[in-house]
Amino acid sequence: MEPVSIASLTIGPQSWREKTKHSISLAEKLIRQSDARKSSSASPCRPRSCTLGLLSHVNTPVPLELNETEKNSRKDSDNVNNTQSSYKVRPMSTGTTRFNLASGPLVAPFPPPCLREQCAEASVRAAGEYMREVRGVEGQLRKQACRVGQEGIKLERERAYLERMLRSLRKDLLVNQKSVEERTLRPPTTETGRDGADSLLDCEKKQLSELKIQLEGALRDTLTQLQALSQCSKLLLECASERSCVLDLLPHSGYHSAGGRCTPSQVTMKPDPTGPYTPECKQAMESSSLALTQSQLLREQIRCLIGEAIARQKSAHQLVNEGLVKKIAETVSLKQHLTLSSASARQAIYRKQRQLNCIQHSHGRALGPVSSGDVMSRERLDRPLVQVYQRHPGTQLPEAMHLIQGGAVVRQCLLSSGGELAQLRGTRLKLMEDMRGKGAAAQVDSSIVRLRRRLIDRRVMPSFFLQGTSA
C-alpha cells in the first residue's frame with residue numbers, strides 16, 4: 001500500500017486540513033507497526049537449543065518497547081528493520097514476563113510458542129547457580145568449622161599439658177611441705193635453729209605457689225577459649241546445615257554446567273540477607289577467624305609459660321637438693337670433728353684420772369699412817385735426834401711445817417684435778433650428745449633428699465617444652 005500524497009489539496013480551512021493529515025499519519029504508523037509484528041510473529045519457532053540465546057541473562061527477561069524516532073520511513077523492509085533495531089532491554093524481576101502497555105502507543109510482538117520452556121530453563125539455571133553458590137558458601141563454612149575443630153583439638157592438648165604441669169606443681173608443693181615437716185624431727189637440743197636449707201625450702205614454696213597461680217589462670221583462659229571455639233564450631237555447622245537445605249537436587253560432583261569446578265575457596269561475595277552468603281554466615285566466619293587467632297596466640301603463651309615453669313621448677317628443685325646436700329656434708333664434717341674432739345676428751349679424762357690417782361696416793365703418803373703405832377721411828381717428830389737438836393734456843397727444824405704445807409698443796413691439787421676431771425667428763429658428754437644430734441640431723445636431711453628424688457615427677461613432657469631447661 002502506498003501513502004496518498006495530499007500536498008496538492010488546498011480546499012477547506014487549515015485546522016480541518018491539519019486534523020486530516022494527523023489522522024492519515026497515525027493510520028500509516030499503525031499499519032507499519034502491524035506489518036512489523038506480523039513479520040516477526042510469522043517466523044517459525046526455532047529448536048530449544050537455538051532459542052536459549054533469547055534469554056542470555058538468567059534473572060532479566062526482556063519486554064520490548066517501540067521507539068518513536070522512525071515516523072517518516074517509507075519502505076516496509078526498512079520499517080521492519082528499523083522497528084526491530086529500535087527495541088531496547090529493560091531489566092525485570094526473575095520469573096515474570098510483562099509487556100509495558102503504557103510506555104508507548106503500541107505493544108511488543110506476540111511471544112513465541114516456546115516461551116514457557118525458555119522461562120522454565122531460565123528458572124532452572126537461576127536455581128542451579130544459586131545452589132552452586134550456596135554449596136560454595138557451605139563448603140567455606142564446613143572448612144572453617146574443620147579448622148576450628150582442629151584448633152580445638154590442639155588447644156585441648158595444650159590444656160592436658162597444663163593440667164599435667166599443675167599436678168606436678170601440686171606434687172612438688174606436697175614434697176616441699178613434707179620436707180619442712182620432716183626437718184622439724186631433728187634433735188631439738190642442737191638442731192632446732194633455722195638454717196640455709198629452711199630458707200631455700202621457703203623460697204621454693206613461694207616460687208611454686210606463684211607458678212601454680214599463673215598456670216591456673218592460663219587453664220581458666222584455655223577453658224574459656226575452648227568454650228568459644230565450641231560455640232563458633234556450633235554456629236558454623238548450624239549455618240552450614242541451614243545453607244545445605246537447598247542442595248538436595250544438586251549433584252555432589254561440584255561441576256558447573258560448562259565443565260568448571262566450584263571450590264569453596266572460589267566463593268567470594270558480599271553478604272546479602274536473601275543471597276547465598278547471609279550476614280549470619282559472615283558473622284560466623286569473622287567470629288571463628290577471631291577465635292582461631294586468639295587460640296593460636298593462647299597456645300603460644302601456654303607453651304612459653306609451661307617451658308618457663310618447667311625451667312623454674314627444675315631450678316628450684318635442684319637448688320634445694322644442693323642446699324640440703326651441702327647441709328648434710330657440713331653436718332657430717334661437724335660430726336667428724338666432734339668425734340675427734342670426743343676422742344681427745346676421753347684421752348684427757350684418762351690422763352687426768354691417772355694424775356688424780358697419783359695425787360691421791362701422794363696425799364695419802366703425805367698424811368702418813370692412820371694409826372700412830374704404824375709410824376716408824378725415823379718418821380716421828382720427837383725422835384732423839386730432833387730432841388737433842390732442839391735443846392738450844394732458836395734451833396727449830398722445818399720438817400713439821402713442810403709436811404703441813406705439802407699436805408695442803410696436795411689437797412689443793414687433788415681438788416682442782418677432781419674439778420677438771422668432772423669438766424672433762426661433762427664436756428665429753430656434751431660432745432657425744434652433739435655428735436648424736438648431728439648424726440640424727442644428717443639422717444633426717446638425707447631422708448629428705450631421698451624423698452625429694454623419689455617423689456620427683458618423672459613423666460615425660462614434649463621436647464618443645466624442655467628446650468632450654470637442661471642448663
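How many of the 471 residues in the protein are buried, as a percentage? And once that is settled, where does S288 lie, and which residues is S288 in contact with, leaving aside its neighbours within four places in sequence?

Modeller: This is a predicted model, and in it buried residues make up 32% of the 471 residues. The secondary structure consists of nine helices and zero strands, and of the contacts with a separation of 6 or more, 84% are between residues 24 or more positions apart.

The residue you ask about, S288, belongs to helix α6, which covers residues 279-367. S288 counts as buried because its relative accessible area is 0%, and the cut-off for buried is under 20%. Once the neighbours within four places in sequence are set aside, the contacts of S288 are with Q144, V148, C232 and L236. Another partner, Q144, is joined to S288 by a polar contact of 3.1 Å between the two side chains.

Turning from the residue to its helix, the axes of α6 and helix α8 (residues 399-454) come within 7 Å of each other and cross at roughly 160°. Angles over 145 degrees count as roughly antiparallel, and α6 and α8 are therefore roughly antiparallel to each other. The crossing of these two helices, α6 and α8, is left-handed.

Among the elements, the highest mean pLDDT, 93, is found in helix α5 (residues 196-243), whereas the lowest, 38, is found in helix α2 (residues 48-51). Over residues 43-106 the pLDDT stays under 50, although the model has 80 contacts beyond four places in sequence for this stretch. Residues 254-267 also have a pLDDT below 50, and this stretch has 23 contacts in the model beyond near neighbours in sequence. Where pLDDT is low, the predicted coordinates should not be read in detail.

To return to your residue, the picture is of a buried S288 whose side chain has a polar contact with that of Q144, and which is also in contact with V148, C232 and L236.

Notes: Residues numbered from 1 in each chain as written. Predicted model: local features only at pLDDT ≥ 70, side-chain atom pairs only at ≥ 80, totals over all residues. Heavy atoms only, no water. Helix = DSSP H or I, 4+ residues; strand = E, 2+ residues; numbered from the N terminus. Buried < 20%, exposed > 50% of the residue type's maximum accessible area, 1.4 Å probe, protein only. Contact = heavy atoms within 4.5 Å. Polar contact = N/O pair within 3.5 Å; in protein donor to acceptor, adjacent residues only side chain to side chain. pLDDT = per-residue confidence, 0-100. Axes fitted to C-alpha atoms, helices over the stretch in contact; angles between N-to-C directions. Parallel < 35°, antiparallel > 145°, perpendicular 65-115°, else oblique. Left-handed = near helix turned anticlockwise from the far one by under 90°.
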